[in-house]
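The following exercises concern the structure shown below.

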Amino acid sequence: MPDVVIRTKGLRKVYVSGFLRHKFVGLHGLDLEIFRGEIFGYIGPNGSGKTTTIKLLMGLNFPSGGEGEVLGKPIGDNAVRRHLGYLPERPYFYDYLTAYEFLHFYGSLHGMTKGERNRKIDELLPLVHMERARDVQLRKFSKGMLQRVGLAQALINDPQLVVFDEPSSGLDPMGRMLIRDTILRLRDQGTTVMLSSHILSDVESICDRVGIIAGGKLQRVAAVSELVGADVESVEITLEGATEALLAELGAGDGHLHASGRRTLTVPDEDSAQHLVRKALDGGAKLVSVVPRRESLESMFVDEMTAIDKSSREAKR
Ligand SMILES: Nc1ncnc2c1ncn2[C@@H]1O[C@H](COP(=O)(O)OP(=O)(O)O)[C@@H](O)[C@H]1O
Ligand SMILES: [Mg+2]
């Protein structure tokens with residue numbers, strides 16, 4: 001039986017807003033388990049309830065019903081906070097603190113001694129490539145730099161569980177890579193990670209399991225390997241120097257013509273690819289690449305969301 005780090009049962013959040021006290025269910029009875037040592041991806045469209053779930057788990061918002069446990073204690077337990085790392089979707093930074101002061105401040109919130117904080121900050125700043133900006137005020141930081149300080153903040157207390165809420169949105173490729181590498185390093189150390197994201201290629205490459213949420217309801221939880229197809233859906237073949245006559249002979253349509261003059265043709269399976277490549281080479285074309293396409297998490301996700309959308313529209317009729 002795996003060790004459970006997060007467990008919720010019927011966890012629910014109803015938001016009441018405005019003068020007329022309109023009620024809106026942000027999270028419908030959530031049943032979720034996250035195991036020790038895994039990287040759990042939490043994906044869903046905007047407004048589906050990802051941040052709502054995370055804030056409830058972090059004890060930053062009160063549930064309207066149901067229950068939850070984090071690291072074996074009821075959510076909101078103060079003693080557990082010391083073992084949690086959290087990078088919010090929109091972190092709040094104190095403009096006039098330097099990176100160094102900011103990290104000291106967070107370390108002291110976790111009850112770390114000055115010595116412990118110094119040691120940890122010296123270890124973290126190089127990891128997030130911020131040693132040189134250590135004494136610069138946060139108001140002078142770019143978005144990418146702030147996110148890196150936020151990352152260091154989330155790790156200051158050597159947490160057992162780290163929760164990232166859309167850490168890569170708005171980051172450049174280098175920033176995204178740093179987040180990915182950091183998460184993989186945490187997993188190697190045995191830390192549990194919950195990652196909410198809508199950058200599905202990142203989720204696909206680093207997560208062990210994913211939960212898909214839509215309209216405040218958890219739709220599905222599965223291993224990434226179960227969701228992402230192992231079967232080849234199509235094969236893309238790129239050729240150079242394929243004449244019109246050769247294309248007609250190959251019988252795979254005109255494909256896609258690149259600015260470079262190369263042409264990419266798509267065939268449905270590996271056998272047809274073999275056949276086409278042989279004919280193309282015989283016909284004097286040069287082979288540039290052969291790329292098998294498998295169903296990605298992205299296309300699976302789009303299919304799933306379309307199906308949910310359709311069934312909810314039918315239910316309303
Ligand atoms: N404080 C709030 N008051 C009222 N509605 C809210 C509040 N916070 C979130 N919501 C609503 O709850 C739903 C889920 O929001 P959220 O959890 O932030 O989604 P996500 O993080 O998946 O984008 C959205 O429709 C949002 O408008
Ligand atoms: Mg959110």
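**Exercise 1. Determine which residues surround ligand 1 and which elements supply them.**

Solution. Step 1: the shell, counted by C-beta atoms placed from the backbone and lying within 6 Å of the molecule, consists of Tyr15, Ser17, Phe24, Gly26, Gly44, Asn46, Gly47, Ser48, Gly49, Lys50, Thr51 and Thr52.
Step 1: at least two shell residues each come from strand 1 (4–17), strand 2 (22–35) and helix 1; helices (H or I, at least four residues) and strands (E, at least two) are DSSP runs numbered from the N terminus.
Step 2: the most is given by helix 1, with 3 residues.
Step 3: sorted by class, the shell has 2 nonpolar, 9 polar and 1 charged residues, where Ala, Val, Leu, Ile, Met, Phe, Trp, Tyr, Cys and Pro count as nonpolar, Asp, Glu, Lys and Arg as charged, and the others, Gly among them, as polar.

The model is predicted: local features need pLDDT of at least 70, side-chain atom pairs count only at pLDDT 80 or more, and totals for chains, interfaces and linings use all residues. Residues are numbered from 1 along each chain as its sequence is written, while chains are lettered from A and ligands numbered from 1 in the order in which they are written.

**Exercise 2. Describe the open sheet of 6 strands and the helices on it.**

Solution. Step 1: the strand order is 6-7-8-3-9-10, with mixed pairing; two strands pair if DSSP finds at least two bridges between them.
Step 1: strand 6 (84–87) and strand 10 (217–223) form the edges, each pairing on one side only.
Step 2: strand 7 (residues 161–165) and strand 8 (residues 192–196) are parallel, paired over 5 bridges, and aspartate 165 stands opposite serine 196 in strand 8.
Step 3: helix 6 (residues 173–188) packs on the sheet and touches strand 3, strand 7 and strand 8, contact requiring C-beta atoms, placed from the backbone, within 7 Å. Its direction makes about 155° with that of strand 8; axes are lines fitted to C-alpha atoms, for helices over the stretch in contact, and angles run from 0 to 180 degrees between N-to-C directions.
Step 4: helix 1 (residues 50–57) lies across strand 3 (39–43), strand 7, strand 8 and strand 9 (209–214), at about 150° to strand 7.

**Exercise 3. State how the chain is divided into domains.**

Solution. Step 1: the domain assignment, automatic or from a database, gives domain 1 (1–83 + 159–175 + 186–229), domain 2 (95–154) and domain 3 (232–294).
Step 1: the C-alpha centres of domain 1 and domain 3 lie 44 Å apart.

Terms used:
Two residues are in contact if their C-beta atoms, placed from the backbone, lie within 7 Å.
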